[in-house]
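Subject: Structure for you to look at

Hello,

Here is the structure I promised to pass on. Please open it and keep it beside you while you read my notes.

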Amino acid sequence: MNFLAPLFLAGLGAVALPVWLHLLQTQTPERQPFSSAMLLRMSEQRIHLRRRLRYLLLMALRIALFALLALAFSQPLWQRSSTTAAAGENKEHLIVIDTSLSMGQGDRMARAVAEASTVIAGLGAGDTARLVTAGESVDVLATSAPATATVPESRSRLTTALDGVKAGAGRLDYGVLAAGMSELAGAGTEPVVIHFISDFEASGLPSQFGALIPRALPNRTQELKLHPLNEATAPNWAVDYLRRTPQGLDVGVRGHHTAASDITVTIGLNGAREVKQTRQVPANGLGEYSFALPDVAFATGDNRIVASLQSVDGLAADDRRYLVVPNVPAIPVPLLTTRTDAPLVRYLSTAFATAARQYRVEPDSLATFDARTLERSSWVVADDLGAISPQLATALTDYITKGGSLFAAVGERSLALETLPVTGQRVAKGDATAREGQPFNVGRIDSTHPLLAATDGWRGVSVTRLLPLEVAADDRVLIAMEDGRPLLIERKVGEGRIVMLATSLDNTWNDLPVHPVFVSFIAETARYLSGEQTLSRQQVAGASLPLSVTGGASGQVVDPQGQTVLSLADTRRAQDVRLRQMGFYQVYTPGKETLVAVNADARESDLEPMTAEQIARWQQAAVVAPQQAVAAAESQVAPPPVELWRYLLILLVLVVLAESLLGNRYLTGHLHDLEPDAGRASS
Amino acid sequence: MSTPLPSQREGVRLLQPEVLAGLANLELIARAAVEGSLIGLHRSPLFGFSQEFAEYRSYTEGDDPRFIDWNVYARSDRTYIKRFLGETNSHLMLLIDSSASMGYGTTPVTKLRYAQILAASLAYIASRQHDAVGMMVFDEEVRSYRPPSGRNKLHGLLHTIDAITSSRKTDMEKPFSRFREHIAKRGMVAVISDFYCDPKALIEGVKPLAFQGQDVILFQILDPRELRPDLSEAAVLEDMETGQTVEVSPAFMQKDYPERIKAHIRSLQEAAAGIGADHVLLETTVSLDVPLRNYLLFRQRRR
């Protein structure tokens, strides 16, 4: 049923008026002691009961009057859907079992499997069914056919598949699930019934309630039946974070709905060294642990760090957390400069140490730099292109053409030039220096470029001197000033590329180095120009690892159990690998082994379930009619919606008449009761 | 009709229940009630009818000439009357209802207090007439019992009457059954109650007494508001014995209820008459001389 003017439904609140008046009138009379009720009983009680019933009926009529009025104004429509499943029509059942991490708590999964068995047992003869698990991914485990001679065998496929259902390590977002269900239901015309068996963790709710409603499908009615396991909120401790600090390691243990307790955390380093620490974790709070581990404690290469706590709750999966600490020497990046002790060296060193530790600045004087060493580096930095000699320029051009990269800036030596070396860019005519108190400001930023996609804060940068460069056809202006002059340009040269900053890289012509954006910009530039596709070493269970990182067909991934994840065929076809387990994945690329730590999503550790109201609301809203487009196509045969307000008005008139009659009778009787003379005269 | 003398008016005023109830001592109350009620009666009730000589006294106007000793007159030409010591020639049993409903009262005198005063007065008057007086207090059980005894036990009897309090439900059958077991001698039985019971059940209890030769008088005490309720708005009335509540309207209490109580009284009267018992309806505002005179007339009639 729909309402054309649902705001008028607020008028339903007016039913409180007759109820209030009723309460006023039916105040209980004061009790008076009387010697004997022997002569009072029977008839008088009957009279009063009749009168009370009459008044209750009167009140009900008055409530109905207000309710009908509000409903009539809200103009309800009754849509008779021709696509509604007829009784006895065959249906497709999707039996979805939540296999997220929280389902590993206590006996939740066993009860979920039992509930699924009950659903399977109740399937109609002509129904089809699919058993689906929803955790870190949505997977169809088994499918049963409609009733045939082989029905038992078909159904047994479902029950057999149920035996293998276990709680996973991932997180389940119910909004993502609802969207996935629509995809899973797919084609067909029979109604779909989605049975969702879950502990209904509150943390799984999407930010918008509407995301819980499956998307409408053409020609198919979807009905979502929720099967909550009716879980109470269980206390749970979990390792909330594990991170590397300059001093060692920091560990956080969070208690969800827990009392204050002493919790011992153990740190394992490469499976050998163990350090323990016990602290009190406050009630329903966070306990923080700091382990002092000097750099020498870490082995060269990737280190496996495991933080675990004593399992004192029903969910053990989140009692461990994994961390990969790479310990490799930083790659030197040549900085071609006229002054190796310039402030720029300090700026760049700090930026690399903060955000790109795999690199370190290696200042080289332009006067003494040996161009033959360029081949050792994948990219180089030049602080003033105008200071580069023609010989070095030639060497650099050759280096870039073959695949090297250059991150260049300009300086005092560039000001007098008409054409910049290496890039060959022409310097346009115009004043490079901004007017006093009116610096050049950033105007346009190409945030689609990988260099700038993750950086923010350029608009706060003010430039006092900017070399006006002419932009060639192949150049891509990444940042332009308000007057249109380019600040950051990318140019491809042969196999390599140049990123050109039209101002200084230190703070002599601008204040870029003192802005936070400088650090992230340098880090992104390093990643971009080095050509390294970085592999995030910390992943959440359920995330996908792009196989391009592993080196494509020549790579392999080994899960925490030591099993290879990719078959030979997968290495050619699959685009990514789903990280289903917690622990350390080993990613093998030619000549290199990389570790990836996979941990549970911390939100799964909060075992507080959704409220009964939330579940009920979801349940009520989860019958999805076919798409409007389809309904419109069928409107030629489907009956038009019925406007109910006419019937409501007729009913309203009847109620008013009945109320008038009954009210009059009640009033007459009431006045008779209050008339004392009538009684006296007769006695 | 002649105007009553000041002393008579004072006596009548003294017999008003609310005045009597103001006296603390029940014996004093009984004495006041009895003395007040006997003012104006020509025949002295002080002496009984035994044959044991007590004294001679000069005949005075008003004395019964039957008691003039004519032998003395013959010898001394003076009229003397012979006086005899009174002795118990009958007994009076007071059956007092102490159920919770007797505690009801809309005047300063509750029904129970009126019953106490009436019982004390009857005991006092019977004692003066040398009748043995006993009593039984009952509700649904027999709460206290004193067998008939002479004048020297009056003080204790009055004390027992004074100590009666209203408490539980009424059940006539069991107390009357117990009473029949204790009393064999013929006498008078005064039942003082509001008689909120089935008249048939009451008569079933009283009938064996009548057959036993007891002279039964039923004093039914009611509050004026029980006979003429005054209710201006609907009220919830709570039965003082059962706790049951009934919501009543003013119309019912002013029209139907008085008819019901009248019918109830009428059926009690008819039932009492059927077994030869007297029924006296008393409101708690009625002067005490009415029931006492009723009693004396009843006694005289039975003699």
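Buried residues make up 42% of the 303 residues in chain B. Keep in mind that this is a predicted model. Chain B has 11 helices and 10 strands. Take its contacts between residues at least 6 apart in sequence: 77% of them join residues at least 24 apart.

Next, a helix pair in chain B. Two packed helices are described by the angle between their axes and the distance between the axes. How do the axes of helix 7 and helix 8 of chain B cross? Helix 7 covers residues 173-182 and helix 8 covers residues 199-212. Their axes come within 9 Å and cross at roughly 10 degrees. Angles under 35 degrees count as roughly parallel, so helix 7 and helix 8 of chain B are roughly parallel to each other. From helix 7, the contact uses Glu173(B), Phe176(B) and Arg180(B). From helix 8, the residues are Ala201(B), Gly205(B), Val206(B), Pro208(B), Leu209(B) and Gln212(B). By type, the contact has five nonpolar, two polar and two charged residues.

Now chain A, starting with confidence. The average pLDDT is 81, and 86% of the residues score at least 70. Confidence is highest in strand 19 (residues 405-408) of chain A, at a mean of 93. Confidence is lowest in helix 14 (residues 676-682) of chain A, at 37. Two stretches need care. Residues 82-87 of chain A have a pLDDT below 50, with 10 contacts in the model beyond near neighbours in sequence. Residues 628-638 of chain A are also below 50, with nine such contacts.

Then find the open sheet in chain A. Its four strands come in the order 12-11-14-15, with antiparallel pairing. Which strands stand at the edges? They are strand 12 (273-281) and strand 15 (320-327) of chain A. Each has a single partner strand, so one side of each is left without a neighbour in the sheet. The twist from one strand to the next averages 20 degrees. Inside this order, strand 11 (residues 261-269) and strand 14 (residues 301-309) of chain A are joined by five bridges. Gly268(A) stands opposite Val306(A) in strand 14.

Strand 24 (residues 496-501) of chain A deserves a look too. Is it enclosed or open? Six of its six residues are buried, so strand 24 is largely enclosed by the rest of the structure. In a regular strand the side chains alternate between the two faces of the sheet. Here, Gly496(A), Ile498(A) and Met500(A) point one way, and Arg497(A), Val499(A) and Leu501(A) point the other way.

Strand 24 of chain A pairs with strand 19 of chain A in the parallel sense, over four bridges. Ala408(A) has Met500(A) as its bridge partner there. Strand 24 also pairs with strand 23 (residues 486-493) of chain A, in the antiparallel sense, over six bridges. Leu488(A) has Leu501(A) as its bridge partner. Strands 23 and 24 of chain A form a hairpin with two residues between them. In the turn, Gly494(A) has a positive phi of about 60 degrees.

Last stop: Ser530(A), in helix 9 (residues 517-530) of chain A. It has 18 C-beta neighbours inside 10 Å, so Ser530(A) counts as partly exposed. Beyond four places in sequence, Ser530(A) is in contact with Ser378(A) and Trp379(A). Ser530(A) and Gly404(A) are 126 residues apart along the chain, yet their C-alpha atoms are separated by 8.3 Å.

Best wishes

Technical notes: Residues numbered from 1 in each chain as written. Chains lettered and ligands numbered in written order. Predicted model: local features only at pLDDT ≥ 70, side-chain atom pairs only at ≥ 80, totals over all residues. Pairing = 2+ DSSP bridges. Axes fitted to C-alpha atoms, helices over the stretch in contact; angles between N-to-C directions. Parallel < 35°, antiparallel > 145°, perpendicular 65-115°, else oblique. Contact = placed C-beta atoms within 7 Å. Nonpolar A, V, L, I, M, F, W, Y, C, P; charged D, E, K, R; others polar. Buried ≥ 20, exposed ≤ 12 C-beta atoms within 10 Å, placed from the backbone. pLDDT = per-residue confidence, 0-100.
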